[in-house]
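Please open the model in your viewer and keep the sequence beside it, so that each stop on this tour can be selected in turn.

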Amino acid sequence: EKIKVIPNGIDLDIYNHPHRTFNKNKIVVGFNYRDIDWKGSELYKSVFDKICLLEGMEPVVLISENTNDSYFSSSRCLYPRNQNDVVSFYRECDLFIYLSMIEGFGLPPLEAMASGCVVLLIDSGGVMEFSIDQYNSFLVSGSQDDITNKLMLLLKNASLRKQTSYNAVSTANNFKIKKMLNQHLNYLNLN
């Protein structure tokens with residue numbers, strides 16, 4: 001039998017930000033912290049420490065339930081109660097950092113892209129289904145220096161942020177939840 005892979009989809013009626021603008025001198029850098037090694041917990045901490053030292057960058061941390069947030073107490077931490085809180089978080093962020101090392105697909109960076117965020121992420125497998133380095137996102141190694149260098153590049157170049165954001169939203173439009181559901185129905189011959 002032939003194997004059929006159907007990519008995940010997202011609800012673009014929820015995850016969107018049609019009028020994204022960027023401040024020339026400041027960027028809000030967000031990340032979804034989970035205290036799990038393969039989700040990049042230690043790398044997030046070292047990058048967070050560096051962001052706090054950089055002028056023009058404001059970190060915002062989305063804290064998953066049952067996660068100790070004391071490490072990030074010097075910044076604003078958000079505790080999502082529902083999907084609307086996550087959507088608001090993405091809309092607030094200019095950049096979204098995703099440092100998970102293993103993912104089957106990786107919905108958070110795609111949701112962030114649909115919301116107009118510029119995403120920095122590690123090639124964790126599934127994200128390569130939608131991530132195109134230096135077009136709609138920026139691939140980073142597991143190195144704090146590489147991540148910091150890309151953050152500085154984006155801080156200094158508002159037009160690059162704007163173009164990457166535009167390309168990210170365009171890419172995310174190819175992953176509509178209705179398209180995913182229709183592909184499942186077609187595969188099962190239920191359509």
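The tour below goes from stop to stop, saying what to select and what is found there.

**Before you start**

This is a predicted model, in which local features need pLDDT of at least 70 and side-chain atom pairs count only at pLDDT 80 or more, while totals for chains, interfaces and linings use all residues. Residues are numbered from 1 along each chain as its sequence is written, and side-chain values use heavy atoms, with hydrogens and water left out.

**Stop 1**

Select L78, which is found in strand β3; helices (H or I, at least four residues) and strands (E, at least two) are DSSP runs, numbered from the N terminus. L78 has a relative accessible area of 22% and is therefore partly exposed, a class that lies between buried (under 20% relative accessible area) and exposed (over 50%), as found with a 1.4 Å probe and protein chains only. Contact means heavy atoms within 4.5 Å, and, not counting residues up to four places away in sequence, L78 touches V60, V61, L62, I63, F89 and E92.

Next, select S75, in the loop between β2 and β3. S75 counts as buried because its relative accessible area is 15%, and, with residues up to four places away in sequence not counted, S75 touches F48, P59 and V61.

**Stop 2**

Side chains of opposite charge can pair when their charged atoms come close. A salt bridge is a side-chain nitrogen of Lys or Arg within 4 Å of a carboxyl oxygen of Asp or Glu, and a search of the whole structure finds 8 salt bridges. Select E92 and R76, which form one of them, with their closest N and O atoms 1.8 Å apart. This pair links distant parts of the chain, as E92 is in helix α2 (residues 83–92) and R76 is in strand β3 (residues 76–78), 16 residues apart. E92 counts as partly exposed, at 30% relative accessibility, and R76 is also partly exposed, with a relative accessible area of 34%.

Stay with helix α2 and select N82, which caps the N-terminal end of α2, a side-chain oxygen lying 3.0 Å from the backbone nitrogen of N84. Then select D85, which forms a salt bridge with R81, where the closest N and O atoms are 3.7 Å apart. R81 is exposed, with a relative accessible area of 71%, whereas D85 is buried in α2, as are V86, V87, F89 and Y90. What do the buried residues of α2 pack against? They pack against β1, β2 (57–63), β3, β4 and α3.

**Stop 3: K150 in helix α4**

Select K150, found in helix α4 (residues 144–156). Is K150 buried or exposed? At 17% relative accessibility, K150 counts as buried. Leaving aside neighbours within four places in sequence, K150 is in contact with L120, F138, L139 and V140. A polar atom of the K150 side chain lies 2.7 Å from the backbone oxygen of L139.

K150 also forms a salt bridge with D146, the closest N and O atoms being 3.2 Å apart. Because K150 and D146 are 4 residues apart in helix α4, they are separated by about one helical turn. Elsewhere, salt bridges that share partners join K26, E58, R76 and E92 into one network.

**Stop 4: helix α5**

Select helix α5 (residues 158–172), whose 15 residues should span 21 Å at 1.5 Å a residue, which agrees with the 21 Å between its end C-alpha atoms; the expected span is 1.5 Å times one less than the number of residues. The buried residues of α5 are R161, T164, S165, N167, A168, T171 and A172, and they pack against β1 (27–33), β4 (95–98), α3 (107–114), β5 (118–121), β6 (138–139) and α4.

**Stop 5: a loop residue**

Select Q134, found in the loop between β5 and β6. Phi of Q134 is near 65°, a positive value in a residue other than glycine, and, at 55% relative accessibility, Q134 counts as exposed.

Notes
Polar contact = N/O pair within 3.5 Å; in protein donor to acceptor, adjacent residues only side chain to side chain.
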